[in-house]
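Please open the structure in your viewer and keep the selection tool at hand. The tour below tells you what to select at each stop and what you will find there.

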Amino acid sequence: MKTPITKEKIQNHLHYSSWKYILLAVVAIFGWNLIYTSTAPQIPEDKKVVMGIYAYGEQENIDVYMEQTRLTLLPEMLELSAQYITPDEMYGDMILSTRFAAHECDIYILPRAQFQSYAAQAAFMPLEEVLPDLVADLEAAGVSLSRGYRTAEETGEKHQYGIPCASMTALQSMLLCDMSDMYLGVLFETENNENVLKFTEYFIRDMLTQSGIVLEAE
C-alpha cells in the first residue's frame, strides 16, 4: 500500500533536503561554466592585448576606449581589453599574483606597494630600453618619472619599470578611480611584445595629451 503524499510531507522533505537542491544547482552552474569555458573559442595570445587594473573603477568607459583604439591603432588584433582586479584585503594580492604567474595580462596599473614589489622582482620591462623615445619625451615634458625607477633585487640594476599615473588626469576621469599613487608597467615577457608596446606608448601619450601635457609627436 502506497503512503499518500500530503502537503505536510512535502514541506518536511523540502525543509530537510533543501540543501541537496541548492548543491545540485551550484554543481549544475559550475558544470555549465566549465563546459562553456573549455569549448568557447580562444583568442590566440598574439592577437590580443590585455590591461589589468588593480582597483575599483568604471568598466564601460574603458571598454569603449579600448575598442575604439583597437579599430584605429591595432585593427589586426582580435581583442584589446581592460580587466579590473578587485583589491580585496583578504584575497586581492593572491589573485593578482595568480594573474602574474599565468601571464593573463600584458600591462598592469597597480598601486605603489604592489608595483614596487613586482618591480623589485624585475617583473616589468625596462621602459628606458624598450620605449626610449617615450621616456625621453616624458622627461622633456617635465613628467616626473623618478618613482617608477626601481632596483631589481636579484641583479641590483635600476630601471624605469613603471610610469607614474599621477599626471594622467584623463585616465582618472575615464576610470573614475584615484590615480594619484598608481603606476603603469608592462609585463616582462608577453606573447605579443610588439603590439603590447605599441599600445602602451599610444595609451600613455594619449592619456597625457588629454590631460593637457604637451609631448613631442610620435
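Begin by selecting glycine 142, which follows helix α6 and has a positive phi, near 85°. Keep in mind throughout that what you are looking at is a predicted model.

Now step back to α6 itself by selecting residues 132–140. Which residues of this helix are buried? They are Leu134, Val135, Asp137 and Leu138. If you turn the view until you look down the axis of α6, you will find its buried residues within an arc of 165°, so they line one face of the helix. On the face turned away from that buried side, select Asp133, Glu139 and Ala140, which are exposed.

The next stops concern charged side chains. Side chains of opposite charge can pair when their charged atoms come close. A search of the whole structure finds 7 salt bridges, and the tour visits some of them.

Select glutamate 45 together with lysine 48, which form a salt bridge whose closest N and O atoms are 3.5 Å apart.

Move on to arginine 99 and glutamate 104, whose side chains meet in a salt bridge with an N to O distance of 2.9 Å. Here arginine 99 counts as buried at 17% relative accessibility, while glutamate 104, with a relative accessible area of 38%, is partly exposed.

For the last stop, select aspartate 181 and arginine 112, which form a salt bridge with their closest N and O atoms 3.4 Å apart. This pair links distant parts of the chain, 69 residues apart: aspartate 181 sits in the loop between α7 (169–175) and β7 (182–186), and arginine 112 belongs to helix α4 (residues 112–120). Aspartate 181 counts as partly exposed at 26% relative accessibility, and arginine 112 also counts as partly exposed, at 41%.

Note on methods
Residues are numbered from 1 along each chain as its sequence is written. This is a predicted model: local features need pLDDT of at least 70, side-chain atom pairs count only at pLDDT 80 or more; totals for chains, interfaces and linings use all residues. Side-chain values use heavy atoms; hydrogens and water are left out. Buried means under 20% relative accessible area, exposed over 50%, partly exposed in between (1.4 Å probe, protein chains only). Helices (H or I, at least four residues) and strands (E, at least two) are DSSP runs, numbered from the N terminus. The arc is that of the directions from the helix axis to the C-beta atoms. A salt bridge is a side-chain nitrogen of Lys or Arg within 4 Å of a carboxyl oxygen of Asp or Glu.
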